[in-house]
Amino acid sequence: MLGMNWLHQTIKLSYGWAIVAITVIIKLIFWPFTAASTRTSKRMQAMQPQIAAIKEKYKDDPLKQQKKTMELYSQHGIKPMASCLPMLLQVPVFFGFFQMIRTAIELRGAPWLWVADLSKADTLFMIPGLGWIPYLGVPGQGIPFNLLPLLMGATMFWQARITPPAPGMDPTQQAIMKYLPLIFLVGLYKFSAGMTLYWTVNNLLTILQTKLTRTQPVKPVPPASPAKAAVLTPPQKKRK
C-alpha cells in the first residue's frame with residue numbers, strides 16, 4: 001500500500017496505473033526464479049522418453065521406479081522442486097496484494113480508463129434475461145458485463161495453452177488444470193476491478209516471459225550410459 005501511494009503521490013500515477021506498475025515490479029523481482037523454473041520444466045519435458053522407459057521397466061515396483069527417476073534427475077543436475085519454488089514464493093505476495101486491494105480506502109471511487117471505481121467490479125452494462133444464472137446473475141436485472149474478469153479469463157486460457165503440462169501429471173490433473181481458468185473466471189467475476197487488473201497484467205507478463213524463455217535453446221539430454229562392469233585383475237604372485 002505504501003508503494004502504491006508513493007507512486008500515486010510522487011510520480012502522479014493514477015491508482016490504476018500504480019497497480020500496473022507494482023505488478024511489473026513484482027514480476028521483475030520474481031523473474032529469475034520463474035525463468036529458472038521454466039528451464040527446469042523444459043529439461044524435464046525433454047527427459048520424458050527416459051522417464052517412460054523407467055516406468056515401463058519398473059511398473060510393478062513404484063518405489064524402485066521413483067528411486068530410479070530421482071537418480072536420473074540427479075545425474076543430469078535437475079531439481080524437480082525448483083519448478084514449484086516460484087509459485088510457492090508468490091503465494092504470500094498474492095494474498096498480501098489481494099488483502100491490500102480489498103481493504104484499500106484509496107481505491108474507492110478511483111477511476112482507470114473505462115473503470116469508474118477500482119474498488120468495485122467494472123460493470124459496463126447489464127445483459128438482460130440472464131438474471132437466473134446462479135452467482136453471476138442479478139434477479140430482475142440480468143447478468144453484468146464485466147470486461148476485466150473476461151480479459152483475465154482469456155489471458156489465463158492463453159497462459160494455460162502455451163504452458164506445457166508438468167512431467168508426470170496424470171490425465172485427471174491435466175483436466176483440472178485445463179478448466180482451472182474457467183473456475184477462476186467465475187469465482188472472480190464480481191471481484192473488484194483493482195484485483196482483476198492486477199491478475200490480468202500478471203498473466204500477460206507471465207505469457208511474455210514464457211514465450212521469451214521458450215525461444216531459448218535447451219541443452220539436449222544425453223541418454224543414460226549403462227553401468228560398466230568392474231574389470232577383475234588376476235591376483236599378482238608374491239615375490240620371494
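This is a predicted model: local features need pLDDT of at least 70, side-chain atom pairs count only at pLDDT 80 or more; totals for chains, interfaces and linings use all residues.
Aspartate 122 lies in the loop that runs between helix 5 (85-103) and strand 1 (123-127). Although buried, aspartate 122 forms no salt bridge, and the nearest side chain of opposite charge, that of lysine 190, is 13 Å away. When neighbours within four places in sequence are left aside, the contacts of aspartate 122 comprise Trp114, Val115, Phe145, Asn146, Leu147, Leu148, Pro149 and Ala193.

Helix 6 (residues 147-162) consists of 16 residues and reaches 23 Å from its first C-alpha to its last, a value close to the 22 Å expected at 1.5 Å a residue. The buried residues of helix 6 are Leu148, Pro149, Met152, Gly153, Thr155, Met156 and Ile162; among them, Leu148 and Pro149 are also in contact with aspartate 122.

For helix 4 (residues 62-75), a span of 20 Å should follow from its 14 residues at 1.5 Å a residue, and the end C-alpha atoms, being 20 Å apart, agree with that expectation. Thr69, Leu72 and Tyr73 are the buried residues of helix 4. Seen down the axis of helix 4, these buried residues fall within an arc of 100 degrees, and they therefore line one face of the helix. Their cover includes helix 2 (15-46) and helix 3 (48-57), whereas the face of helix 4 turned away from the buried side carries the exposed residues Leu63 and Ser74.

Terms used: Residues are numbered from 1 along each chain as its sequence is written. Side-chain values use heavy atoms; hydrogens and water are left out. Helices (H or I, at least four residues) and strands (E, at least two) are DSSP runs, numbered from the N terminus. Buried means under 20% relative accessible area, exposed over 50%, partly exposed in between (1.4 Å probe, protein chains only). Lys and Arg count as positive and Asp and Glu as negative; His and the chain ends are not counted. A salt bridge is a side-chain nitrogen of Lys or Arg within 4 Å of a carboxyl oxygen of Asp or Glu. Contact means heavy atoms within 4.5 Å. The expected span of a helix is 1.5 Å times one less than its number of residues. The arc is that of the directions from the helix axis to the C-beta atoms.
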